[in-house]
Number of protein chains: 2
Amino acid sequence: MVKLNSFSLTALLLMFFVANVYAQQKKPLHFTQAHTLTITGKAWDSQPFYHRLDTARYAGLSSTLKRLATHSAGLAISFKTNSTTISARWQTSPQRSSDNMTGIAYEGLDLYILRDGRWQYAGVARPSAHDTSETSIVENMVHGEKTCLLFLPTYDETLFLEIGIDADATIKANPNPFRKNILIYGSSIVQGASASRPGLAYPAKLSRQTGYHFINMGFSGNAKMETTVAEMIAPLPMDAFILDCVPNPSPEEILERTANMVKTIRRYHPEAPIIAIQSVAREKGNFDQQIAQRVKLKDQYFRQEIKKLQRDDPHLYLIEADGLLGTDQEGTTDGIHPNDLGFERMLQEIRPAILAIFAKYEI
Amino acid sequence: MVKLNSFSLTALLLMFFVANVYAQQKKPLHFTQAHTLTITGKAWDSQPFYHRLDTARYAGLSSTLKRLATHSAGLAISFKTNSTTISARWQTSPQRSSDNMTGIAYEGLDLYILRDGRWQYAGVARPSAHDTSETSIVENMVHGEKTCLLFLPTYDETLFLEIGIDADATIKANPNPFRKNILIYGSSIVQGASASRPGLAYPAKLSRQTGYHFINMGFSGNAKMETTVAEMIAPLPMDAFILDCVPNPSPEEILERTANMVKTIRRYHPEAPIIAIQSVAREKGNFDQQIAQRVKLKDQYFRQEIKKLQRDDPHLYLIEADGLLGTDQEGTTDGIHPNDLGFERMLQEIRPAILAIFAKYEI
């Protein structure tokens, strides 16, 4: 027989009371599989739903690039709901965040809602220590329809995702709110390191700020302009291409591969603007002379190659990187990857440059 | 007998070759215990060396506050060296980073070197998955003396720290480079969440930018203006106090405790400026009406209390928080904690306000 003294009994009653209050406060939710809604940020409508590319179609791709293509960087779920609460239940791989990123950016979710014609931050879903997380993103909203965009993890594979709403509310797919297709090919910086949440990766910021559909083709540590990658990217149905791929290749690889990269794209897109950007990843060279020299050499080689190509290619542009992160050296997390301050400074410069080019092409 | 085929033999020879090249490249280092150098960012010269406070002296402090006081937020090692390489070997607690911070900020190190009269970023020490890490911070620097400041983990206890330099180089303590003493009492935002590296926590940025010695008394989630805390902080030998402590207390606690906090400090410092700042932690209330209302109420109560006290206190100032993080809602990591963009925007506003007040007092 279980004996309860008065203290245990009080504790037990208190537990029931607390559980009851909790149940009353937490409204029951209705969960919807996100793959029944719209996904944005993909180059085209491929499977698996949460992968950036269907890597099965690219036999020549290295296993590392295939793995990186499974990361949901830049992907977002587009939907409308009249719910006052939005929750998420999702699963990523067992891998944990890198030390130069937050867990939220690496494997969390980031919600924006359209208000007054602007995508405004509504909440993040913070990952738990387990592979499967369930958490509220935002609560206590006004009634009425909201147009939502939920950005997915930048550095992990999203295995499944369910969006929770009030039991009496509705949710439905919303078309991709962004127009045209602009592919950004690049390194970890494009993929999202070190933005503090998924929607602050710079392609995602650009999409929300400009209304264009920027496609995140950032491959952390592996944007080396290989021929297989050039052949993979070039035929995609894009209106413009941005090449932000100086950080990963060696100086020699830049000399050897830049022309092939540009010319391969040009074969499929005779008149689409191709915008090449030098490397912003240079603060590790503030005091390290070898790194400073190497970054300088790579930028110089890239500039030289682009300038050479520009002689025969009126639709190829170059954005030089000097001062893109500001002058106080506080715009990176680790001397390589821009933090949110660095990304915002970079966009203050490159956004008008990109938009001015698009204007010429009626993009 | 071990048999080697030609492939294994080649592999073995290659391994020896690689190991040899590696050994030649890696110069031997000489490690120095950081506690033999100068520590900055402490309210006074207390033990243990890497704790912000000697909590044994404050019997009334809660165990949570005692634990938070062991975190090395805002502490930095001040030294000079003529080494061309700087490395670190350090140990923190077994705890891992929170999902709204980077591992670097949470338990890593962040080095600045004085050049052209400015503290410039030199490198971070990225923590390993183990409690003890050893890594290079910066290499290949020019010869000659460097004046260095190495910021310690913001959210973990630093158990030991050794600084590695070239075997033929020297290292010595450098005096605290910052003047006067200004205590900032506050929440996780003061402690450093969510700056991307330790030196980007806002009190550390303020010190480097202004030359004043800002003392980080941020207590994550626990800056509630308790009487024990007021009594602990008030007697400290400070030239000014900043109270950035609206985020953690309830609205009622703000009403009940603000006057006591200010008056307790005033008993020990009759004419020191006390600068009260409203809460910047409000973007979680962009769409959540309950949170928006609660933050507004807390800011309103704090303002009301400060305004009341100002009638009899000419040395009490208020900085209101509207727009401190900008208007695009991209200045936080999670709706509460500023990211590096938010911190920089906040400092653009509060730094001149603080400096204008200091100027009146010849601080």
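UniProt, in an unreviewed entry, lists residues 31-171 of chain A as "domain: SGNH hydrolase-type esterase N-terminal". UniProt positions follow the numbering used here, feature names are shortened, and annotations may be inferred rather than shown by experiment. The end C-alpha atoms of this span lie 10 Å apart, and its content is 9% helix and 40% strand. Helices (H or I, at least four residues) and strands (E, at least two) are DSSP runs, numbered from the N terminus.

This is a predicted model: local features need pLDDT of at least 70, side-chain atom pairs count only at pLDDT 80 or more, and totals for chains, interfaces and linings use all residues. Residues are numbered from 1 along each chain as its sequence is written, chains are lettered from A and ligands numbered from 1 in the order in which they are written, and side-chain values use heavy atoms, with hydrogens and water left out.

**The sheet**

Chain A has an open sheet of 5 strands in the order β12-β11-β13-β14-β15, with parallel pairing. Two strands pair if DSSP finds at least two bridges between them. β12 (212-218) and β15 (316-319) of chain A are the edge strands; each has a single partner, so one side of each lacks a neighbour in the sheet. From one strand to the next, the twist averages 20°.

β11(A) is joined to β12(A) by 6 bridges. In β12(A), G218(A) is the bridge partner of G186(A). 5 bridges join β11 (residues 179-186) to β13 (residues 240-244), both of chain A. Here I182(A) has A240(A) as its bridge partner, and L183(A) stands opposite F241(A).

Contact means heavy atoms within 4.5 Å. Axes are lines fitted to C-alpha atoms, for helices over the stretch in contact; angles run from 0 to 180 degrees between N-to-C directions.

| Helix (chain A) | Strands touched (chain A) | Angle |
|---|---|---|
| α7 (residues 251-268) | β11, β13, β14 (274-277), β15 | about 170° with β13(A) |
| α9 (residues 340-360) | β11, β12, β13, β14, β15 | about 165° with β15(A) |

**The two copies**

Chain B can be laid on chain A with an RMSD of 0.0 Å, by a turn of 180° and a shift of 0.0 Å along the axis. The copies are thus related as by a two-fold rotation axis. The same surface serves both: 100% of the contact residues of chain B recur in chain A. Superposition is by least squares on the C-alpha atoms of residues with pLDDT of at least 70 in both.
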